[in-house]
Amino acid sequence: MAALGHTFPFYAGPKPTFPMDTTSATIIMIFLTALATFIVILPGIRGKTRLFWLLRVVTSLFIGAAILAVNFSSEWSVGQVSTNTSYKAFSSEWISADVGLQVGLSGVNITLTGTPVQQLNETINYNEEFTWRLGENYAEEYAKALEKGLPDPVLYLAEKFTPRSPCGLYRQYRLAGHYASATLWVAFLCWLLANVMLSMPVLVYGGHMLLATGIFQLLALLFFCMATSLTPPCPLRLGASVLHTHRGPAFWITLTTGLLCVLLGLAMMVAHRMQPHRLKAFFNQSVDEDPMLEGSPEEGGLLSPRYRPMADSPEPQAIPLSEASSIKAYCEEVHPREPECAL
């Protein structure tokens, strides 16, 4: 045993862990890079437009990053408990550890951290993920975890989410994850369309798409809550303690971002009705309009021209007879063969 580092030879060692989810870290880094790029060109903007432009960029990037991050997050439903529990199969040793459970839209993440970390001549620090994405088999991942010989608390929690478990957690969370994830992707597309329309002279339609972005985020929360409340909660007993789950950070971030998008969309619609010139000034669009292309609401606004009515047109002026005769004589003298001069 000493030659093997005081560990069981048939158990795989713990995998190295990253302080946070790598997918979420990648998304955050991409949007922070975009924000830094926009800040670099900020000094080239003059006057109050600089502040308005910075506010628009920060708000838009926050909404987009939040939608993507929560879609890949594993913290929609979380729980943690400190307990004394058995460590591994075929061993009577018990450990004192913190057991964490994070449920996301695409799977579960289970953590086991010893208190202290060094116990039984081992480093007890596990972070295991089990997914139910399309094209992946949760039961096969659980079978591989059994072959690895993972600690008992990890296998116990993972077994509760298997398709054959009587708790029914697999069906309810998998169904909730699929519907909520699809709705969040629609919200992300609405966010992209809102950014495109807000950069064009169709601000009211950009407000509509921003409102749709918030509505789809709230629908994702509704799907998640409805699907996870179809069955009674399953007790998760670890030693003498019970692990209880509650709404995680991803749930509350989605709720906050959805309400923010709804409020911003409604505010833009009201501003378009009450103060359209100030709304255009906030988005750095020209307030002056060409009078020949000024549109009425009935004819579609700026997209349809309003021509000068007949009442505003100049009346035709009558030409005196003597002046007409002189014009005709001059025409016949200069262009004698032109047929228009004979008229």
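Biologist: Which side chain does R133 meet in a salt bridge, and what makes it a salt bridge?

Modeller: This is a predicted model, and in it the side chain of R133 meets that of E129, with 4.0 Å from N to O. The rule asks for a side-chain nitrogen of Lys or Arg within 4 Å of a carboxyl oxygen of Asp or Glu, and the pair of R133 and E129 is therefore called a salt bridge. By this rule the count comes to one salt bridge.

Biologist: Why are R133 and E129 called partly exposed?

Modeller: R133 has a relative accessible area of 36%, and E129 has 47%. Buried means under 20% and exposed means over 50%, so both values fall in between and the two residues count as partly exposed.

Biologist: How do you know whether T213 is buried or exposed?

Modeller: The relative accessible area of T213 is 0%, and because buried means under 20%, T213 is called buried. This residue lies in helix α6, which covers residues 203-228. Leaving aside neighbours within four places in sequence, T213 is in contact with I67, A187, C190, W191 and C261.

Biologist: How many aromatic pairs are there, and why is the pair of F38 and W53 called edge-to-face?

Modeller: The count comes to 16 aromatic pairs. The ring centres of F38 and W53 are 5.6 Å apart, and their planes stand at 70 degrees. Centres have to lie within 6.5 Å for a pair, and planes over 60 degrees apart count as edge-to-face, so this pair meets both conditions. The pair links distant parts of the chain, with F38 in helix α1 (residues 22-40) and W53 in helix α2 (residues 49-72), 15 residues apart.

Biologist: What makes F38 partly exposed and W53 buried?

Modeller: F38 has 31% relative accessibility, whereas W53 has 16%. Since buried means under 20%, W53 counts as buried, while F38 lies between that cut-off and 50%, and is therefore partly exposed.

Biologist: What makes you say that the charged end of R247 sits over the ring of F251?

Modeller: The charged end of R247 is 5.2 Å from the ring centre of F251, and the rule asks for a distance within 6 Å, together with a direction within 35 degrees of the ring normal. F251 also belongs to a cluster linked by ring pairs, whose members include W76, F130 and W252.

Technical notes:
Residues numbered from 1 in each chain as written. Predicted model: local features only at pLDDT ≥ 70, side-chain atom pairs only at ≥ 80, totals over all residues. Heavy atoms only, no water. Buried < 20%, exposed > 50% of the residue type's maximum accessible area, 1.4 Å probe, protein only. Helix = DSSP H or I, 4+ residues; strand = E, 2+ residues; numbered from the N terminus. Contact = heavy atoms within 4.5 Å. Phe/Tyr/Trp six-rings, centres within 6.5 Å; stacked < 30°, edge-to-face > 60°.
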